[in-house]
Amino acid sequence: MCARYGHLVVAEGIVVVGGGLAGLRTVEELRSAGYDGSLTLIGAETRPPYDRPPLSKQLMTGAVDDTTLRADLDSLGAVVRLGERAERLAAGSVHTTEAEYRFDRLVIATGAQPIALPGPGKQRFLRSIDEALALRDVLGRRRGLAIVGAGWIGAELATAAAARGCQVSVVEAASAPLAAAIGAEVGAVTIPWYEQAGVELLLGCPVESVQDGGLSLAGGGWLAADEIVTAVGVRPDVGWLGSSGIALDNGVAVDEQLRSSLPGVYAVGDCAAFWSRRFKRRLRTEHWDGALRAPAVLAANLLGGTENYDPVPYFWSEQFGRMMQYVGHHADADRLIWRGDPTEPRWAACWLAGERLVAVLTVNLPKDLTQGRRLIEAAAAVDADKLADPAVQLRSAALP
Ligand SMILES: Cc1cc2nc3c(=O)[nH]c(=O)nc-3n(C[C@H](O)[C@H](O)[C@H](O)COP(=O)(O)OP(=O)(O)OC[C@H]3O[C@@H](n4cnc5c(N)ncnc54)[C@H](O)[C@@H]3O)c2cc1C
């Protein structure tokens, strides 16, 4: 256990860096797997672990004020060090802003940080609860808002801001919203949703810099705004690992068992780029579901197991009154099948690689999502005509 805080802390046992969902779940899973040894959780934020998805949804609309994940953190019997940032990883020890922690095994769960745009103007972000609460105040004052980026976060924030009566412009470099996540063809279906909500959507409009009072646009344009929110994506928070020699590849490179290139060092959640046997590539997902589920596999492996983490990635978004759900990974898809009319309230898009279903996006169709997930898990070949027919159950599209 910890000998003392101050310059040197001896915390042999398991040390988890990052007090988000993945870090907390790792501690929980270790305890439920029976680990009763020394366990330390180090988090840079001063708040105990909290949930992020509601920040752009229920918290932004005022339905909730607090998204703390568990009130009884003490019951986990872990040493919890909040407001403390890991700055360096050396052989067998982590150096933080406060102390040095020696470990037998280390879990890196430092998540991701929003990408900032160049320029001297004030940019807001939506990653932490404090940023979300500050933004909610801005919405309450009905300030004119420019959101840079029509990705998941930009779309959800635009939804909340428009509902609260703000004048909102969303500025997007690509030709359609969500283009990076689901491709421009499918993303384009969401374009009318912005207009229906009274949100101005500027597409094909790269922002050069953020200035006082507005955005400098490529080609010399200017968009005035009271407040600017940058929502152009995140980067894994791995800068502090620079001198450690750990292999990085768009995050901490880990194998199927979530082991990094350094002995006894593992990574999980948004900061981890894991090898996916299923999709035969390294994947780094920024999905709540991954941060929730991967820690069970990780805990087993920390305790001597050899379990593989091989999920079918899952993500959801609530925007403009619709529930969007995505399951799978479509990088290798060669065909897109529409299931239903995408101008209607309910539809799905299905991606095939050859005859195999590899990803499904549903809008207000949770049943299709569930059935699609099972087919993807089973690497099922499907009949494209049946898939395209919303009158046929999605699961019935599987070929015998
Ligand atoms: C506004 C918002 C809405 C979202 N909505 C959805 C959604 O609808 N559906 C969905 O699937 N996903 C959603 N997500 C994504 C989901 O919340 C993340 O995938 C999930 O939070 C990842 O958890 P994590 O623990 O890996 O990382 P994080 O939640 O980022 O936690 C990492 C923690 O580590 C800390 N940390 C970083 N560096 C250090 C360091 N050097 N030392 C100590 N601590 C450090 C950070 O401060 C942070 O507290 C949303 C995210 C946001 C921000």
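The second largest pocket of this predicted model holds about 190 Å³ of space. Its lining is made up of 15 residues, and those that lie nearest its centre are Asp289, Arg293, Tyr309, Pro311 and Val312. Two elements, helix 8 and helix 9 (366-377), each give two or more residues to this lining, and helix 8 gives the most, with four residues. By kind, the lining of the second largest pocket divides into seven nonpolar, three polar and five charged residues.

The structure also holds one cavity of 30 Å³ or more, and the largest cavity has a volume of about 80 Å³. Of the 13 residues that line the largest cavity, Gly269, Ala272, Phe274, Thr285 and Tyr309 are the closest to its centre.

The table sets out the lining of each space.

| Space | Volume | Lining residues by kind |
|---|---|---|
| Second largest pocket | about 190 Å³ | seven nonpolar, three polar, five charged |
| Largest cavity | about 80 Å³ | eight nonpolar, four polar, one charged |

The crossing of helix 1 and helix 8 is right-handed. On the side of helix 1 the contact is formed by Leu21, Ala22, Arg25, Thr26, Glu29 and Leu30, which meet Trp288, Ala291, Leu292, Pro295, Ala296, Leu298, Ala299 and Leu302 in helix 8. The residues of this contact divide into 11 nonpolar, one polar and two charged.

Elsewhere in the chain, Ala184 lies in helix 6 (residues 184-187). Ala184 counts as partly exposed because its relative accessibility is 33%, a value between the limits of 20% for buried and 50% for exposed. Leaving aside its neighbours within four places in sequence, Ala184 is in contact with Ser175, Ala176 and Ala179. Ala184 and Asp212, which are 28 residues apart in sequence, are 31 Å apart in space, C-alpha to C-alpha.

Conventions
Residues numbered from 1 in each chain as written. Predicted model: local features only at pLDDT ≥ 70, side-chain atom pairs only at ≥ 80, totals over all residues. Heavy atoms only, no water. Left-handed = near helix turned anticlockwise from the far one by under 90°. Contact = heavy atoms within 4.5 Å. Nonpolar A, V, L, I, M, F, W, Y, C, P; charged D, E, K, R; others polar. 1 Å grid on protein atoms, 1.4 Å probe; cavity = no way out; pocket = protein on both sides within 12 Å on 5 of 7 lines; lining within 4 Å. Points joined across faces, edges and corners; volume = space filled by probe spheres on them. Buried < 20%, exposed > 50% of the residue type's maximum accessible area, 1.4 Å probe, protein only.
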